[in-house]
Amino acid sequence: MTVSRLLVVLFAALLLAGPPASAQRRSMPEEARVYILWPYDGMAIRGGFWVRMGLSEGGIAPANVEKALTGHHHLLVDVDLPAMDKPIPNDRNHLHFGLGQTEARLELPPGRHTLQLLLGDADHVPHDPPLYSKRITITVLP
Amino acid sequence: MPATRRLVLLVSAAAMGRAAAQVPAQDQPQDPGHAHGAPPPGEGQAATPRVRVPAPPDAYCYIGWPQDRQVISGTRFKVWFGTRNFGVAPAGVTTRNTGHHHLLINVPLPPLDKPIPNDRNHLHFGLGQTETMLELPPGTHTLQLLMGDADHVPHDPPVMSKRITITVRPGRPQAMASGPQ
């Protein structure tokens, strides 16, 4: 009855709060840095283009590969940073490079777009502290 | 005729490399602008046959920075490793279509059926790094990327970059101007 229901609610609340998940986040070297090598911030581009992803002082590993001080790139297109204690969403605004790719060919409609890199660990969860690049703005010309 | 078959495989690997428009000018470091020299993979390879890990024929590496024939001021500079149609993984990881970078400095390609040597001319990036800071004395140097598999052996066909030539000048280090112009 009410007591058992209360317990269930409490248990569910504990699960939702999920403190163990954030406690397990992996780390990268302190001086590690993620950046977009190409294109430049503010650049105007015509047609499709390659995005080159930079990582200083750390290693790239494919998704699901457990290896200290490594991660794989995620490219955020026209979207804010996601929650840092959960797996990065996988959709057209959050591109995953789980094979360990360091560049991507993008075809975006004409207009202004933002790009930002966010490194994820073997389970696609950002590191602690998270490693993300500056969010840059580009303009795709018609 | 295993020897003949191997030769045929090697020749086809070279042809695929040529098709991918990424043929290293390994025999002509002073003429890196013309990618016409297919790698001569036949030499020194017959001794220890090893089943090399396959790679897609369109996979290759490139050096995104510095660029071929670039003159660099300052003896310390960053090298950015580009990988196309292929992934990066630390040494020891056997994920398909991945490898880790080796930067060859002032040396020709090593034998492609053996682990890449590990010395000051063959730098290993076994953590899965995609860039490095180099410190080279003033003068002309060549750089080339060669992917290795989990055991540091090149793939089949090898995933590698063109061999570029740079000139290092003494002076104040310059900021890395990223990407192609």
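Tutor: Residues are numbered from 1 along each chain as its sequence is written, while chains are lettered from A, and ligands numbered from 1, in the order in which they are written. In this predicted model, local features need pLDDT of at least 70 and side-chain atom pairs count only at pLDDT 80 or more, whereas totals for chains, interfaces and linings use all residues.

Student: Why is I166(B) called buried?

Tutor: A residue is buried if 20 or more other C-beta atoms lie within 10 Å of its own, exposed if 12 or fewer, and partly exposed in between, with C-beta atoms placed from the backbone. I166(B) has 22 other C-beta atoms within 10 Å, and therefore counts as buried. By that rule, buried residues make up 39% of the 181 residues in chain B.

Student: What makes P66(B) a contact of I166(B)?

Tutor: Two residues are in contact if their C-beta atoms, placed from the backbone, lie within 7 Å. Leaving aside neighbours within four places in sequence, I166(B) is in contact with P66(B), Q70(B), I72(B), H141(B) and L143(B). As for T142(B), the C-alpha atoms of T142(B) and I166(B) are 6.2 Å apart, although 24 residues separate the two in sequence. Across chain B, among contacts between residues at least 6 apart in sequence, 70% join residues at least 24 apart.

Student: What makes residues 164–169 of chain B a strand?

Tutor: Helices (H or I, at least four residues) and strands (E, at least two) are DSSP runs, numbered from the N terminus. Residues 164–169 form strand β9 of chain B, in which I166(B) is found.

Student: What order do the strands of the open sheet in chain A have?

Tutor: Chain A has an open sheet of three strands with the order β1-β3-β7 and antiparallel pairing. Its edge strands are β1 (33–38) and β7 (103–106), and its twist averages 25° from one strand to the next. Five bridges join β1(A) to strand β3 (residues 49–56) of chain A, and I36(A) stands opposite M53(A) in β3(A).

Student: How many residues does each chain bring to the contact between the chains?

Tutor: The contact takes 20 residues from chain B and 19 residues from chain A. The largest share of the side of chain B, four residues, comes from β3(B). By class, that side has six nonpolar, twelve polar and two charged residues, where Ala, Val, Leu, Ile, Met, Phe, Trp, Tyr, Cys and Pro count as nonpolar, Asp, Glu, Lys and Arg as charged, and the others, Gly among them, as polar.

Methods
Two strands pair if DSSP finds at least two bridges between them. Axes are lines fitted to C-alpha atoms, for helices over the stretch in contact, and angles run from 0 to 180 degrees between N-to-C directions.
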